[in-house]
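Here's a quick briefing to read with the model open beside you. Take it topic by topic and find each spot as you go.

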Amino acid sequence: MPPAPSKKLRTFVPLAVLTVAVLLVSMVIFAPGRDRASKQEETSTTTSSPEAEPSSGTAGSGTTTTTAEEQPASPAPEAEPQQLELSSLKGLHLEEYPWTADEPNSVMGSLDDPETWSMQLTFTRAGAGIVSIPFADIWETAAAKRQADMYFSALKAGDASGYELPVEERYMLQEAQPISWVGPDGSQQNRTIAIFSAQSITIGNESSLDLTPPGVWKEVGPGHFTSRILSENGDPVATIERRFELGSGYDITLHQSVTNHTTAAIQFRWVQYGPGSLYPDRARYMDRRRFRFGYEYPEDQDPGHVADVIAGGDMVQEMTDATDLEESRFFWPNPLSEEVGYTLSWFASTNRYFGLAVHPILGPEGTGNRSLAPVVEKIAKWIQGAGSDDPVVLCNLVSPLATVPAGGSQDLSMGLFAGPLEREMLDDEEPYKALNMRGLILFQMSAFCAICTFQWLADILVVVLAFLDHYVLFDWGLAIIGLVIIVRILLHPITKKSQTGMQRFTRTMSKLKPQMEKINKKHGDDPKRKQQEQMKLMREHGVNPLQMLGCLPMFLQMPIWIALYAVLYFAFELRQEPAFFGVFQLFWDWSFLADLSSPDHFFYEFETPRSFLMWNMTGINLLPILLGALFFVQQKYMSPPTTTMTPEQESQQKIMRIMMVTLFPLMLYSAPSGLTLYILTSSSVGILEARHIRRQVDREEGDAPVVGRPSSPKKKPKDPQARAYAKMLERRKAEAKQKKAKTFKKRK
């Protein structure tokens with residue numbers, strides 16, 4: 001029998017258990033990754049790219065609507081350029097085309113037909129890039145989504161005159177990024193970087209040619225641009241062609257090539273802009289923007305590259321890590337990729353729900369070269385507003401040194417993904433399936449506690465939730481409640497063992513309290529003797545001190561809780577999904593539980609999020625307040641009566657109540673309403689479960705009722721054999737009593 005615990009130990013251990021749990025959850029929620037922001041200088045200037053300095057050029061401002069079907073298949077035919085000798089490649093420059101600042105921008109796709117187009121691309125001649133990427137049927141807020149659904153439903157019915165489309169509330173994935181820097185002469189320089197625009201090209205030993213000004217590009221059609229490199233005499237040396245192709249999904253194909261017009265081979269290096277940091281989510285209370293990599297093993301470890309593309313591992317950069325230039329100024333290659341020899345397959349920038357990525361172009365069945373190495377050798381990073389509250393991370397995609405034969409062409413084409421991190425799409429559609437871009441979805445609250453969030457467990461939970469919603473309950477709110485029931489049933493044996501042990505220990509120690517007090521008074525000056533007497537007393541009454549630690553098995557729920565937290569926070573399937581079939585929205589478009597990925601907004605929803613201390617508040621909520629009240633009731637019900645507690649135990653209970661009632665609701669005030677709904681339901685079920693377990697312990701032990709609870713008469717056994725046996729005993733007792741009475745009379 002182990003030694004009896006002291007009062008300090010009995011007070012300390014449960015309190016320590018709760019404290020560790022709270023600290024663990026706090027670190028998981030609020031840890032910002034490996035925070036190195038303090039190392040950066042407080043400056044708003046741009047950290048320049050190691051490959052090229054910014055130069056002047058501005059994206060156009062006008063808009064001309066042109067559908068992709070009107071795009072010509074190829075540039076207008078030109079006269080065959082005269083081939084030049086390599087020795088004449090002097091004074092290279094770019095051909096200039098007429099351009100005005102108010103020149104309208106061409107458009108590909110449409111926002112008015114979400115069944116055909118998922119997005120709309122607006123183009124600019126500045127770098128031959130994209131000005132903006134808004135989605136056709138993805139909205140900034142749940143209210144805008146409801147309004148758009150009503151508009152499109154009325155439009156299908158043939159009369160949408162009474163409805164208005166919230167065009168200003170469409171979700172904007174990315175826009176051209178304005179930047180500024182101080183020039184060599186000390187003047188302020190400004191430029192707007194278009195999305196995936198060309199930056200520069202270097203031919204031979206000549207200096208690099210700046211491709212960002214709009215005047216060096218000729219737009220042949222929507223999203224189709226050409227630029228010509230001329231010699232000192234004005235003769236054509238090379239032609240650069242860029243053509244964007246948009247399908248019905250979220251994938252964009254960027255066809256680009258460099259054609260050599262000389263009589264000898266030329267070498268060049270190409271630099272263009274890649275995926276920069278995306279906008280943070282409106283309803284976030286944690287900024288979990290990341291930069292992700294897909295990569296393959298080297299040829300000697302994976303001959304033929306038959307293994308799946310690696311999408312996890314240690315190569316995940318949080319936003320706070322990406323803003324640090326002290327370790328490396330390159331996303332790729334990085335120390336880990338150089339050490340092992342990995343080959344880059346894709347590179348992406350993600351926020352809470354969306355991603356922007358570059359990847360190789362594969363065939364319809366996912367066949368082809370899965371490596372970006374032929375077109376991307378390095379990915380350099382640089383920062384606008386380093387040290388500010390909202391820095392912007394940009395990157396350059398640098399090609400390997402390519403050789404183009406005389407009259408030949410070098411292909412630099414790549415695929416672009418711009419869309420939501422939707423699990424089923426990334427799992428089943430090509431090329432995402434072949435490239436394992438499902439790995440873009442990372443159910444991880446912070447880099448600090450990555451090991452605490454079991455990705456495999458989160459994947460199981462999101463599959464269970466989706467199954468309940470699609471096939472059983474047909475509502476995400478009910479699916480969350482159904483998941484509560486499933487998890488509670490699976491963990492019931494652990495919960496029962498934990499609570500039974502704690503209740504038995506508490507009851508036994510309550511009965512032994514008078515004797516423990518006598519031992520304390522008698523041997524108060526001799527701690528060793530007092531400990532021996534306590535151990536002897538507990539041994540006589542069969543008390544195991546380890547019953548006090550019966551709450552430890554409850555830690556097995558922590559991985560499930562954290563994984564659920566991550567699932568309910570990151571799962572795109574839950575974004576802007578209402579609870580309980582949207583019943584609350586039927587009452588004056590009430591915002592309560594209109595979006596399970598945002599706070600519940602019971603009282604009010606702000607038009608613009610407001611920052612307060614550590615919260616990003618989007619409204620005034622009810623569920624966290626109810627959660628605190630429920631925790632208070634749970635503590636009152638599950639705690640032992642204070643009349644049987646020592647002063648140390650009473651102090652412990654007060655601290656635990658304060659922590660549970662105030663700390664958790666504060667931490668979860670801006671959490672997704674789906675998460676607070678889960679915890680609220682789980683706690684309510686837990687109270688009922690604890691009540692059932694307590695009654696079961698009462699029946700098993702046959703103890704006196706708990707203080708304050710009236711005693712109940714003994715119930716007759718329900719089992720037929722037990723009832724028959726009881727009746728037989730009663731008859732025997734009656735017969736024995738009668739026989740005894742007769743014998744007594746005879747003696748008289």
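Before we look at two helices packing together, one term: a helix axis here is a line fitted to C-alpha atoms over the stretch in contact, and angles run from 0 to 180 degrees between N-to-C directions. Keep in mind that this is a predicted model. The chain has 748 residues, and 51% of them count as buried.

- Helix H7 covers residues 476-511 and helix H8 covers residues 513-522; their axes sit 4 Å apart, at an angle of about 60°.
- That angle makes H7 and H8 oblique to each other.
- On the H7 side, the contact is made by Met509, Ser510 and Lys511, while H8 brings in Lys513, Pro514 and Met516.
- Sort the residues of this H7 and H8 contact by type and you get three nonpolar, one polar and two charged.

**The chain as a whole**

- If you count up the secondary structure, you'll get 14 helices and 27 strands.
- Take the contacts between residues at least 6 apart in sequence: 71% of them join residues at least 24 apart.
- The chain exposes about 36,300 Å², and 56% of that comes from carbon and sulfur atoms.

**The nonpolar cores**

- In soluble globular proteins, nonpolar side chains tend to be buried together.
- In this model, the largest nonpolar core has 136 residues, and the members touching the most others are Ile201, Ile229 and Phe417.
- Which helix gives the most to this core? Helix H10 (residues 557-570) does, with eleven residues.
- There's also a second, separate core of eight residues, with Trp139, Ala144, Ala154 and Leu165 among them.
- Zoom in on isoleucine 229: leaving aside neighbours within four places in sequence, its contacts include Leu92, Leu94, Ile201 and Ile203.
- The list for isoleucine 229 also takes in His93 and Asp235, as well as Pro236, Val237 and Ala238.

**Two cis peptide bonds**

- Going from tryptophan 332 to proline 333, the peptide bond is cis, with omega near -5°.
- You'll find proline 333 in the loop between strand E18 (330-332) and helix H4 (335-340).
- Another cis peptide bond runs from glutamate 430 to proline 431, this time with omega near 5°.
- Look for proline 431 in the loop between helix H5 (423-428) and helix H6 (455-472).

**Two positive phi angles in one loop**

- Glutamine 576 isn't a glycine, yet its phi is positive, near 60°.
- Where does glutamine 576 lie? Its place is in the loop between H10 and strand E26 (604-612).
- Is glutamine 576 buried or exposed? At 6% relative accessibility, it falls under the 20% cut-off, so glutamine 576 counts as buried.
- Histidine 601, also not a glycine, has a positive phi of about 55°.
- Histidine 601 is found in the loop between H10 and E26, and with a relative accessible area of 5% it is buried.

**An exposed serine**

- Serine 248 lies in the loop between strand E13 (236-246) and strand E14 (251-260).
- Its relative accessibility is 58%, which is over the 50% cut-off, so serine 248 counts as exposed.
- Not counting residues up to four places away in sequence, serine 248 touches Thr116 and Ser118.
- Serine 248 and methionine 119 are 129 residues apart along the chain, with 8.5 Å between their C-alpha atoms.

Note on methods: Residues numbered from 1 in each chain as written. Predicted model: local features only at pLDDT ≥ 70, side-chain atom pairs only at ≥ 80, totals over all residues. Heavy atoms only, no water. Parallel < 35°, antiparallel > 145°, perpendicular 65-115°, else oblique. Contact = heavy atoms within 4.5 Å. Nonpolar A, V, L, I, M, F, W, Y, C, P; charged D, E, K, R; others polar. Core = buried A, V, L, I, M, F, W, Y, C linked by side-chain atoms within 4.5 Å. Buried < 20%, exposed > 50% of the residue type's maximum accessible area, 1.4 Å probe, protein only. Areas by Shrake-Rupley, 256 points an atom, 1.4 Å probe, with all protein chains shown as cover.
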